[in-house]
Amino acid sequence: MKLKIEERKKLGQMLLERSYVEPTALERALEQQKSRGGKIGQVLLELGYIKARHLNETLAAQAGISRINLDQCNILPEVLGLIPAELVSKYNVFPLERQNGRLTLAMADPFDSLAIEEIRLVTGLSIRRRYGSPADLEKAIHQYYGSNVSRMLEDLAPAERKTADQVQAEIMDNGEISTAKLHELAREPSLINLVNLVIFEAIDARASDIHIEPFEKAVKIKYRIDGMLIEKSSSPKRLQAAIISRVKIMAGMDIAERFVPQDGHIEFVSGATKIDLRVSTVPTVFGESITMRILDRSAALIELEDLGMNQETLVGYNHCLGKSHGIVLVTGPTGSGKTTTLYASLNKIFDPSLKIITIEDPVEYQLDGIIQMPVNPRRGLTFGRGLRHILRQDPDIIMVGEIRDKETADIAVRAALTGHLVFSTLHTNDAAGAITRLIDMGVEPFLVASSLEGVLAQRLVRKICPACKVPYKPSDSLLESLNNSITILPDDPLYHGKGCEECNGTGMRGRIGIFELLRINEPLRKLIATRPTTEQILENAPEDHVSMRHGGILKILQGVTTPEEVLRATQGIEED
């Protein structure tokens, strides 16, 4: 029975109870709502404090719309045939039951009026809404609609049905699959649905990358979620050429060229979300392997205060951002969140009175009021050349996506010494290593000493899933290997995730940064001029310098992450 309006809990309270939003985030959203109006759910969504699926689930519960478990449903073929696969994929819905002129529909967004109206017109039935989780819906759509693709080469009209050998012979031209046949297979509606579903599922699972990997007997599809590769599904080997060709067509690649690497780009729209996919192919012994990097251009920028810095590091880093000139470096391996930190930094110091120009490879997010330039090596626009021209644009602040060579490093140093604040990244293990890397590139030590203001090294650690977080006791040897400037005592409460649907059984959901800030003071400048080792730099670091492992242990004690995660992320890093 539905609750009366006055008996319903407030949406914000329900979101807090489900651990879908942090209390501080809700407070900020409520303040925004007071100043600009609107519904609290939409404000939270626009600020990036909550996922759309969590909002829809909570709104459905608040409205008394029951949740359906699709695994326990027995779906009749005639019900499946009521809605075309295109609409099922487009709106992420699934037909459950037809009864008395009414169609029961599982929906990821039960309040999508366009979906309800279009399906009502197509079926001629009134719609009864049920809430289904996006993951369950994607699984059901794969099973009942996407599985048609798996039989694409077999389920032809009876007159056209052929053996696998006959099909293979037909699509081969001089020992290779003909381009015309590849185009034909890639235009197959069921195949288009399958590729679209793979992308939609990856986006919904918060994946950063999609991997399509060919092997001898199957094509494996994997998603990188929170930095870890998770195998989601496999497709029959016979669909390999069609799947790869479809992706290459979407990315504007040459499908006839299968023996050299290619790069492409896909613009994908999922509801109100605009997604860019950077596509890369490489030839392997079993065919082309494809990797797609997912960039959500509509995602809200993360505030500097929400990256995960402890208070001491945040104060020190803000001090670096307040400089009028000099170089601020962010270091770490690929995928450690460096670009996110730089964007948050620029967003923090943005002022209409300042001219801020970036040069990036590629431009991952558009920043209002900031001029952003993508590198284009094919046309001769490298970081070094682009940075040289940026200096003629009268900038106040410059961001260089990465310092890769001596030319870029020299120009960045010169820019810093002539009154510009320069942000950039380096691939080094720790903060001290950035100083020695610049010197190894050929930059004179006294120039590094004069221009560098601070180095922020970082890693990402996975957060414990709030839905399945429970206390636990790690092994004594693990705790001993972690003990650093902070000691974890035997009776300190520690947590991990036991695994649930929300986190795909991993016990971890989302990521947060751990940081090491090295601010350059006068004693350190004198030392840098003598071409020191990383050990000497660490020994003479300022008092506010703390290691990444120190920051990680703080997050363990706060119940944010696990000892195993911190140890994994900080292995191989020089510690104090």
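Mentor: Strand β17, residues 452-464, pairs with β20 in the antiparallel sense over 10 bridges. Strands pair here if DSSP finds at least two bridges between them; helices (H or I, at least four residues) and strands (E, at least two) are DSSP runs, numbered from the N terminus. The model is predicted, so local features need pLDDT of at least 70 and side-chain atom pairs count only at pLDDT 80 or more, whereas totals for chains, interfaces and linings use all residues. Residues are numbered from 1 along each chain as its sequence is written, and side-chain values use heavy atoms, with hydrogens and water left out.

Within this pairing, R459 has I514 of β20 as its bridge partner. Both strands belong to an open sheet of 7 strands with mixed pairing, in the order β14-β13-β15-β16-β12-β17-β20. Its edges are β14 (371-374) and β20 (508-519); each has a single partner strand, so one side of each is left without a neighbour in the sheet. From one strand to the next the twist averages 20°. Axes are lines fitted to C-alpha atoms, for helices over the stretch in contact, and angles run from 0 to 180 degrees between N-to-C directions.

Helix α22, residues 548-557, lies across β17 and β20 and runs at about 140° to β20. This helix contains K555. K555 is buried yet has no salt bridge, and the nearest side chain of opposite charge, D306, is 11 Å away. Buried means under 20% relative accessible area, exposed over 50%, and partly exposed in between, with a 1.4 Å probe and protein chains only. A salt bridge is a side-chain nitrogen of Lys or Arg within 4 Å of a carboxyl oxygen of Asp or Glu. For charge, Lys and Arg count as positive and Asp and Glu as negative; His and the chain ends are not counted.

What K555 does have is a backbone oxygen, that of G513, at 3.5 Å from a polar atom of its side chain. Leaving aside neighbours within four places in sequence, K555 is in contact (heavy atoms within 4.5 Å) with G308, I512, G513, I514, V560 and T561. I514 is also the bridge partner of R459.

Helix α23, residues 563-570, also packs here. It is mostly covered, with 6 of its 8 residues buried: P563, E565, V566, L567, A569 and T570. These buried residues pack against β17, β18 (469-472), α19 (476-482), β19, β20 and α22.

R28 forms a salt bridge with D306, with the closest N and O atoms 3.1 Å apart. R28 lies in helix α2 (residues 23-36) and D306 in the loop between β11 (287-296) and α13 (311-321), so the pair ties together parts that are 278 residues apart in sequence. R28 counts as partly exposed at 32% relative accessibility, and D306 counts as partly exposed at 33%.

The side chains of R67 and E501 meet at 3.3 Å, N to O. This pair links distant parts of the chain, 434 residues apart: R67 is in the loop between α4 (52-62) and α5 (77-80), and E501 is in the loop between β19 (494-497) and β20. R67 is partly exposed, with a relative accessible area of 40%; E501 is partly exposed as well, at 46%.

R525 and E522 meet at 3.4 Å, N to O. Both lie in helix α20 (residues 522-528), 3 residues apart, about one turn of the helix. R525 counts as buried, at 14% relative accessibility. Elsewhere, salt bridges that share partners join R18, E57, R67 and E501 into one network. A search of the whole structure finds 22 salt bridges.

Of its 576 residues, 49% count as buried. Among contacts between residues at least 6 apart in sequence, 65% join residues at least 24 apart.

Note on methods. Polar contact = N/O pair within 3.5 Å; in protein donor to acceptor, adjacent residues only side chain to side chain.
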